[in-house]
Amino acid sequence: LTSTYAPGKIILTGEYAVVFGYPGIAIPAPIGMTITFEEDESQEDIAVVWKGIEPSQGWLDYLQDIIGRCESLGGPSQGILRIQNDLPLGKGMGASTALVIGIVRSLLGKDCRRQALIIEDAVNPGHSGIDFDVIWHNIPLRFTKDAINKKIALPSSLFSSAILIDTGTPNESTPKLVKEVRQHLEEFQSVLEAIGECSKHIESGEHITTVIPDHHRAQVTLG
């Protein structure tokens, strides 16, 4: 019996800019997924029991894709996979990456970062890596693409009185939005730099409430 927990993520600063090499800061969300696998040779394949926030058929297909890729990397092919999901799906909290990490750890073991990244690259092409790193390590991180990322100290009371507001499912996928930013990269260069500067301000100790308005205005400028 193997059980693992994968949190969601919250990007404080750096959305989109991290794809182009600017720093971002992300923290693990206080909610996530608990995934348990029990090998059972009486099963014809891997049966899935999903509880909590329910998936659409698209998410179930995505889940089966991850399981199949784990099998191709030497994972088990018979058993029961139980998922307790408390993460909103498709709402920007890293559920797709949390599912990858949780399933890969359950089926291939705890020390499976390389295999998890192979699967993440395949099922979430074009990702920056910020979701993967903060969910994998389950700590607040200062993230820069293709660099060694470091733990960042943030006040423990940062979200003590925060509430989570569901603003609905985005009209476009993240890869599509990143593509649009990439197509206008020269035009958006100064805006991306401003987003990166917001990350540096938080890292230097500036309070998040003074940084987020600037960050928001820059995101709005991106469209």
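A crossing of two helices is called right-handed if the near helix is turned clockwise from the far one by less than a right angle; the views below come from a predicted model.

**View 1. Packing of helix 3 against helix 4 in the predicted model.** Helix 3, formed by residues 113–123, packs with helix 4, formed by residues 130–137, at an angle of about 145°, and their axes lie 12 Å apart. The crossing of helix 3 and helix 4 is right-handed. On the side of helix 3, Arg113, Ala116, Leu117 and Glu120 take part, and they meet Phe132, Asp133, Trp136 and His137 of helix 4. Sorted by class, this contact between helix 3 and helix 4 comprises four nonpolar, one polar and three charged residues.

**View 2. Helix 2 and the residue that follows it.** Helix 2 runs over residues 95–108, and its 14 residues reach 19 Å from the first C-alpha to the last, close to the 20 Å expected at 1.5 Å a residue. Because 12 of its 14 residues are buried, helix 2 is largely enclosed by the rest of the structure. Among the buried residues of helix 2 are Leu99, Val100, Ile101, Ile103 and Val104, and also Thr97, Arg105 and Ser106. After helix 2 comes Gly109, which has a positive phi, near 100°.

Notes:
Residues numbered from 1 in each chain as written. Predicted model: local features only at pLDDT ≥ 70, side-chain atom pairs only at ≥ 80, totals over all residues. Heavy atoms only, no water. Helix = DSSP H or I, 4+ residues; strand = E, 2+ residues; numbered from the N terminus. Expected span 1.5 Å × (residues − 1). Buried < 20%, exposed > 50% of the residue type's maximum accessible area, 1.4 Å probe, protein only. Axes fitted to C-alpha atoms, helices over the stretch in contact; angles between N-to-C directions. Contact = heavy atoms within 4.5 Å. Nonpolar A, V, L, I, M, F, W, Y, C, P; charged D, E, K, R; others polar.
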